[in-house]
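Below are some notes for a reader who is opening this structure for the first time. They are arranged as numbered points, to be read with the model in view.

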Amino acid sequence: MSSNSRGVMIVQVKDVSHRFPETDLLYEHVNFELETGQTLAVTGPSGSGKSTLLSLIACWEKPYSGRVDIRKGSRVCWVFQNPYGPKYRTVRDIASFPFIAHGMPRPQANEKAEETLVEFGLKTRIESLFCDLSGGEAQRLMLVRAICCEPDLLLVDEPTAQLDMRSAHQVADSLRLLADRGMAVVIATHDPFVWQSCDRVLNLEEYVPLVEEGVHALA
Ligand SMILES: Nc1ncnc2c1ncn2[C@@H]1O[C@H](COP(=O)(O)OP(=O)(O)OP(=O)(O)O)[C@@H](O)[C@H]1O
Ligand SMILES: [Mg+2]
């Protein structure tokens with residue numbers, strides 16, 4: 001499915017608790033739903049399980065209890081914390097690759113990629129090599145490449161981790177743009193610039209189990 005419309009339920013997280021073998025519960029009774037057109041920030045201190053929650057939503061990890069339902073046929077795309085790409089390929093090549101991989105002729109793929117790059121403020125970098133991009137530009141290129149895959153659900157892990165304030169603002173604006181294009185976007189972040197611009201915020205600190213001294217949660 002490629003909905004590209006707003007208000008379609010994509011993900012339902014129902015009473016999820018999670019722990020890894022041999023570790024304490026990270027969180028319990030997490031519940032939320034997300035529709036296309038909405039952004040959700042997942043916040044919490046380092047080690048609180050933000051990236052793990054993205055893995056649960058992507059079904060890479062199975063929750064210890066509870067369930068995660070993704071709308072059947074949804075395309076899910078993940079943007080990792082560290083921008084990654086072939087050093088000596090141009091921004092245009094990297095952005096057009098998903099279209100070419102889906103069988104679109106190169107001239108048309110380049111045109112579609114360029115439209116999206118312009119929309120995300122990368123017009124002046126279209127001819128640049130990946131290795132010459134700033135951290136913020138590289139992160140925005142990762143977002144452009146992800147949306148060229150036309151996902152219904154986008155999972156983004158710490159998109160502004162190594163960015164200055166200006167670049168962080170630009171990335172936050174880009175994330176809003178993605179939701180406005182009809183995607184559901186979940187962002188793991190501890191950056192106020194990012195979470196303040198999201199529709200909803202899920203603070204994992206609020207889901208840490210209360211453990212009585214000497215008693216192991218769910219033991
Ligand atoms: N596969 C695994 N096996 C065991 N423990 C794990 C595994 N993956 C993560 N953890 C642990 O689970 C906890 C949560 O990790 P996670 O990476 O989700 O945190 P985070 O909130 O994303 O942190 P950060 O802000 O540093 O990115 C950490 O204590 C981590 O060491
Ligand atoms: Mg993380």
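How many nonpolar, polar and charged residues are in the shell around ligand 1?

1. The shell around ligand 1 has three nonpolar, six polar and two charged residues, where Ala, Val, Leu, Ile, Met, Phe, Trp, Tyr, Cys and Pro count as nonpolar, Asp, Glu, Lys and Arg as charged, and the others, Gly among them, as polar. The residues around the ligand are F20, L26, P45, S46, G47, S48, G49, K50, S51, T52 and E158, each having a heavy atom within 4 Å of it.

2. A word on the basis of these notes: this is a predicted model, in which local features need pLDDT of at least 70 and side-chain atom pairs count only at pLDDT 80 or more, while totals for chains, interfaces and linings use all residues. Residues are numbered from 1 along each chain as its sequence is written, chains are lettered from A and ligands numbered from 1 in the order in which they are written, and side-chain values use heavy atoms, with hydrogens and water left out.

3. Oxygen atoms of ligand 1 come close to the protein at several places: one is 2.7 Å from an N or O atom in the side chain of K50, one is 2.9 Å from an N or O atom in the side chain of S51, and one lies 3.3 Å from a backbone N or O atom of S48. Of the 650 Å² of accessible area that ligand 1 has on its own, the protein covers 56% (Shrake-Rupley method, 1.4 Å probe).

4. E158, one of the residues around ligand 1, is found in the loop between strand 6 (153-157) and helix 5 (165-180); helices (H or I, at least four residues) and strands (E, at least two) are DSSP runs, numbered from the N terminus. E158 is buried, with a relative accessible area of 7% (buried means under 20%, exposed over 50%, partly exposed in between, with a 1.4 Å probe and protein chains only). Its phi is positive, near 45°, whereas most residues other than glycine have a negative phi.

5. D15, in strand 1 (residues 9-18), also has a positive phi, of about 50°, although it is not a glycine. D15 is partly exposed, with a relative accessible area of 38%.

6. Which residues of helix 3 are buried? They are A109, N110, A113, T116 and L117, and because they fall within an arc of 130° seen down the helix axis, they line one face of helix 3 (the arc is that of the directions from the axis to the C-beta atoms). On the other side of helix 3, P107, E111 and E115 are exposed.

How values were computed. A polar contact is a pair of N or O atoms within 3.5 Å; within protein, one must be able to donate a hydrogen and the other to accept it, and residues adjacent in sequence count only if both atoms are side-chain atoms.
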